[in-house]
Amino acid sequence: MIELTEGIFNKYKVHLLNKKIRTGKQKGWAFRPNAKVVLFRNPFLSSKTTAFGQAYIVADEISINASNDV
Amino acid sequence: MKPDLINKINLGEYVNCYLKTNQIYIENDAFNQNELKLCLTICDDEHINESWVIDLKGVSHYHNLLGIAYMPYFTIDLEDHHPLLWDYHYDSVECELSGTKDLESKQMNELIGELARCYQDNTYGLSILNLIHYSRQLRLAMETPSSQPIKK
């Protein structure tokens, strides 16, 4: 994200200082390299560009199976 | 490989159907075990009436879970790389903006606007941090000389 905003910072002649990197190790359990997200969208509630109407769940393991209990 | 349900949705098999949640089970054991089980029904008024179960282990975040109680014209996506996962997949950076004191008020607003726009475009509007939401806080942080570094 910093690379993407670099052009904007140059345009307004502002600079980023005091970069403090929080690595995955420091994040502890919050660092989940295998995390996936399942997103539920509906055109009435949300488009791809709006967050609030969408439902989503972030989890390490996601399995979707058909069920016989109708 | 995408699960059958997602393939069927992408093929348009459920165009006239609606999605309904029957049951939501959540099991939480002090961060050792965060499991969530969603029992869904997909049906239309005529032929389709299917039940699906989504099992999720190691749940770390969920949003608007009750929003899927009844959902017509739905889509479901399963993604490994998504802006919502940046916080979990990558290192994060805390930094401070310098040089904002020399900007005029209008320029400052433009800077915040451009940053928010860039963020919105690159995260599809989906992220835990929303710059537009925090724009007032950002503005205050930029105007206060002894401000704390802006996080993220």
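## Strand pairing between the chains

In this predicted model, β1(A) and strand β6 (residues 92-98) of chain B run antiparallel and are joined by 6 bridges. Strands pair if DSSP finds at least two bridges between them; strands (E, at least two residues) and helices (H or I, at least four) are DSSP runs, numbered from the N terminus. Ile21(A) stands opposite Val93(B) in β6(B).

Residues are numbered from 1 along each chain as its sequence is written, and chains are lettered from A and ligands numbered from 1 in the order in which they are written. Local features need pLDDT of at least 70 and side-chain atom pairs count only at pLDDT 80 or more, while totals for chains, interfaces and linings use all residues.

## The side of chain A that touches chain B

Contact (C-beta atoms, placed from the backbone, within 7 Å) links 55 residues of chain A with 59 residues of chain B. On chain A, α1 (2-11), β1 (15-22), β2 (36-41) and β3 (55-67) each supply at least two residues to this side. β3(A) gives the most, with 13 residues.

## The largest nonpolar core

A nonpolar core is a set of buried Ala, Val, Leu, Ile, Met, Phe, Trp, Tyr and Cys residues joined through C-beta atoms within 7 Å; buried means that 20 or more other C-beta atoms lie within 10 Å of the residue's own. The largest has 31 residues, and those touching the most other members are Val37(A), Val38(A), Phe40(A), Tyr56(A), Ile57(A) and Val58(A). β3(A) gives the most to this core, with 6 residues.

Beyond its neighbours within four places in sequence, Phe40(A) is in contact with Gln54(A), Ala55(A) and Tyr56(A), and with Ile68(B), Met71(B), Phe74(B) and Ile76(B).

Conventions:
Two residues are in contact if their C-beta atoms, placed from the backbone, lie within 7 Å. A residue is buried if 20 or more other C-beta atoms lie within 10 Å of its own, exposed if 12 or fewer, and partly exposed in between; C-beta atoms are placed from the backbone.
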